[in-house]
Amino acid sequence: MRVSTNTPETDENAQWLTQEAYDRLQAELEHLSGPGRQEIVDRIEAAREEGDLKENGGYHAAKEEQGKAEARIRYLSWLLENSYVGDAPVGDGTVVPGMVVTATIAGNEMTFLFGNREIAGNADLDVYSKDSPLGEAIDGAKEGDTLSYAAPNGKEIPVEIVSAKPFTG
């Protein structure tokens, strides 16, 4: 797998990842594509040998797990090819992927990571992507900005950016 040459300047759909997130996802992909895939195949084969597949719960569970693993492999392959690894964004108070944002949304203060959920790893943070309605509205906003976005039900939701600081993992 190669590191993509995508950058936010050359591809607006490029996903920013920390080096730690990239390495973790690369290791997960290698496991799922190799030993993880083989473990599932072995479980399917063992369950198949038990006989009637119509009522074989182990077989159906293993096939479902195989489908989920294959979907994860496709997603990780796409993400790693369409990402760029770099330093955390500059902490100038601008909301860009990789920032931990504190905002007052419809009167409630929330703190979340702005960007790809894979960046967060084990961090206990909600994550909003730049493709979500909220993400599209706040991308590029600065501390102190007041704006709104349309919820899926059409209601305008007010947002005030309180702070935007680089995610440190």
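**Reading the contacts of Thr-94**

Author: In this predicted model, the side chains of Thr-94 and Lys-142 are joined by a polar contact of 2.8 Å.

Reader: What makes the link between Thr-94 and Lys-142 a polar contact?

Author: The separation is 2.8 Å, and the limit for a pair of N or O atoms is within 3.5 Å, so the pair qualifies.

Reader: Where is Thr-94 placed, and why is Thr-94 called buried?

Author: Thr-94 lies in the loop between β2 (83-85) and β3 (99-105). Its relative accessible area is 11%; buried means under 20%, so the word applies.

Reader: Which residues does Thr-94 touch, apart from its neighbours within four places in sequence?

Author: Thr-94 is in contact with Met-99, Gly-140, Ala-141, Lys-142 and Ala-164.

Reader: How many aromatic pairs are there?

Author: The count is two. One of them joins Phe-112 and Tyr-128, with 4.9 Å from centre to centre and 75 degrees between the planes. Phe-112 belongs to strand β4 (residues 108-114) and Tyr-128 to strand β5 (residues 126-128), 16 residues apart.

Reader: Why is the pair of Phe-112 and Tyr-128 called edge-to-face?

Author: The planes are 75 degrees apart, and over 60 counts as edge-to-face, so the name follows.

Reader: Why is Phe-112 called buried but Tyr-128 partly exposed?

Author: Phe-112 has a relative accessible area of 1%, and the limit for buried is under 20%. Tyr-128 is at 26%; partly exposed covers values between that limit and 50%, so Tyr-128 counts as partly exposed.

Terms used. Residues numbered from 1 in each chain as written. Predicted model: local features only at pLDDT ≥ 70, side-chain atom pairs only at ≥ 80, totals over all residues. Heavy atoms only, no water. Helix = DSSP H or I, 4+ residues; strand = E, 2+ residues; numbered from the N terminus. Buried < 20%, exposed > 50% of the residue type's maximum accessible area, 1.4 Å probe, protein only. Contact = heavy atoms within 4.5 Å. Polar contact = N/O pair within 3.5 Å; in protein donor to acceptor, adjacent residues only side chain to side chain. Phe/Tyr/Trp six-rings, centres within 6.5 Å; stacked < 30°, edge-to-face > 60°.
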